[in-house]
Amino acid sequence: MRPAPRRVVLIGSMGSGKSTVGPVLADLLGWAFADADAELEREAGQSVADVFAAEGEAGFRRREAATMRRLLERDGLVVASGGGWAAQAEAWEALDADTRTVWLRVGPSVAHRRVREDAGRARPLVSGPDPFGTVERLIQARAPWYGRADLVLETDDAGPREIAERIARTMKETP
């Protein structure tokens, strides 16, 4: 039997709701919340877009992995991971038995709409000429990795509170 969860990592595509659901879930559990991209920006002293521009995706992924390793040392924490973090083998190696992973699964059209509506956040991987196609390709490519999650929830037609309540309920039912 697995130990009781001491942290939850939300994974999924950009636009799946990780950064929106995370604080609601943390509040329900009485835990803290951390957004991995915001932590990375704080640590780097620059935006994700600037890290991408200066260091490329490989440099960004190294920073992201280091940020997540530090976050995963904390107990009583809900983490919104970056969309590509869980698509790295090292990500899954960094998880221990008392960390629960939840894939917030979203369809490409909903993800694209949410990303477009979140104009205040730069998304380097979808800044090219075909953002919808890029979102669709990323979701398809990463789905096998995301599918490793302990829990999978559809987010297209559910609000943040409903999703957070479902996660909290599941955690109480099955340690």
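Helices (H or I, at least four residues) and strands (E, at least two) are DSSP runs, numbered from the N terminus. The structure is a predicted model, in which local features need pLDDT of at least 70 and side-chain atom pairs count only at pLDDT 80 or more, while totals for chains, interfaces and linings use all residues. Residues are numbered from 1 along each chain as its sequence is written, and side-chain values use heavy atoms, with hydrogens and water left out.

Salt bridges were assigned where a side-chain nitrogen of Lys or Arg lies within 4 Å of a carboxyl oxygen of Asp or Glu. This rule gives 13 salt bridges. One of them joins Glu 64 to Arg 61, with 2.7 Å between the closest N and O atoms. Both residues belong to helix 3 (residues 48–71) and are three residues apart, about one turn of the helix. Glu 64 and Arg 61 are both buried, buried meaning under 20% relative accessible area, exposed over 50%, and partly exposed in between (1.4 Å probe, protein chains only).

Other salt bridges were found between separate elements. Asp 98 pairs with Arg 7, the closest N and O atoms being 3.0 Å apart. This pair links distant parts of the chain, since Asp 98 is in the loop between helix 4 (89–93) and strand 4 (99–105) and Arg 7 is in strand 1 (residues 7–11), 91 residues apart. Asp 98 and Arg 7 are both buried. The two also take part in a network of salt bridges that links Arg 6, Arg 7, Asp 75, Asp 96 and Asp 98.

In a further salt bridge, between Glu 154 and Arg 105, the closest N and O atoms are 2.5 Å apart. Glu 154 lies in strand 5 (residues 151–154) and Arg 105 in strand 4, so the pair ties together parts 49 residues apart in sequence. Glu 154 counts as partly exposed because its relative accessibility is 41%; for Arg 105, also partly exposed, the value is 32%.

Nonpolar cores were defined as sets of buried Ala, Val, Leu, Ile, Met, Phe, Trp, Tyr and Cys residues joined through side-chain atoms within 4.5 Å. The largest has 17 residues, and those with the most contacts inside it are Val 9, Ile 11, Met 68, Leu 71, Val 79 and Trp 85. Strand 1, helix 3, strand 3 (77–80) and helix 4 each supply at least two residues of this core. A second, separate core of 16 residues includes Val 21, Val 102, Ala 164 and Ala 168.

Contacts (heavy atoms within 4.5 Å) were also listed for Trp 85. Not counting residues up to four places away in sequence, Trp 85 touches Val 9, Ile 11, Arg 61, Glu 64, Met 68, Leu 72, Ala 91 and Leu 95.
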